[in-house]
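I want to talk about pockets today.

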Amino acid sequence: MTWVGLIGCGGIAQDVVTALRHEDPPGDVQIVGALARPGRSDIARQKFPDIDIVETIEDILAEGPDIIAEVASQQAVAEHGEQVLRNGIDFLVISVGALADPALLDRLETAAEFSNSRMLLPAGAIGGLDAIAAMRVGGLTSVRYRSRKPPAAWRGSPAEKVVDLGSLAKPAVLYSGTAREAALLYPQNANVAAAVALAGLGFEQTQVELVADPAAPGNVHEIEVEGNAGRFAIQLQGKPSRANPKTSALAALSVVRALRNEQAAIVI
């Protein structure tokens, strides 16, 4: 059995818990507790009546989890990641964009090495990261990532200062540049850019384009990769989470897959 603590009680946490509860046959993953923001524990208990809800990271650590999964935000990674790793507990991060901060990434790597723990990065809302990482071994020459989403998906982001999202009639490029800047400017939309960068050429060499497209059928992710082993392109159209429309449904499922792999006899 893998004992799991969650950081976060929002939409991704709901999707993760629901997927684990509906496994057939039942899996070997058990949620031992979930960390809510201070003052939000009563609301969280209404969502998860049979899970121990706490408000401090120390209380989650006291539950004795084998692994702690962050399913909250980039801020949660920065606030709690180092303490989790220094306690010798593996830390699964879905808000990968937080690692665009080089100082934070260095602290987390140092903590993991010190305590012989691991930071695990699930694929999130995209596929193909395994191929990018494999091609990196033989030598990568270019990695390009494009995110196309309906205008409404960009509300609450710097996009509102770039274009009028409410009257957009044709595709508009919101950002074009490096994965590092994209992940820092658009923390709720560019976690995929960060994951692609970490799998391949790094934050400075990975090119990113973010597009608001009124004709986009959903959240569309496009990756183009070239290297000594060949080239490939992938496009993935993700459906939104029913618990949180701003999040891809696939993001939570990638967390579930990573947790299952902790006990799996065959790991893919």
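So, what volume does the second largest pocket have? About 600 Å³. By pocket I mean, on a 1 Å grid over the protein atoms alone, an open set of points where a 1.4 Å probe fits, with protein on both sides within 12 Å along at least five of seven lines; lining residues have an atom within 4 Å of a point. Volume is the space filled by probe spheres set on the points, with grid points joined across faces, edges and corners.

Quick caveat: this is a predicted model, where local features need pLDDT of at least 70 and side-chain atom pairs count only at pLDDT 80 or more, while totals for chains, interfaces and linings use all residues. Numbering runs from 1 along each chain as its sequence is written, and side-chain values use heavy atoms, leaving out hydrogens and water.

Back to that second largest pocket: 24 residues line it, and Leu121, Pro122, Ala123, Leu129 and Arg257 sit closest to its centre. The lining splits into 15 nonpolar, five polar and four charged, where Ala, Val, Leu, Ile, Met, Phe, Trp, Tyr, Cys and Pro are nonpolar, Asp, Glu, Lys and Arg charged, and the others, Gly among them, polar.

Now the largest pocket, at about 1,200 Å³. Among its 48 lining residues, Ile12, Val71, Ala72, Ser73 and Ser95 are closest to the centre. H4 gives the most here, five residues.

Definitions and conventions: Helix = DSSP H or I, 4+ residues; strand = E, 2+ residues; numbered from the N terminus.
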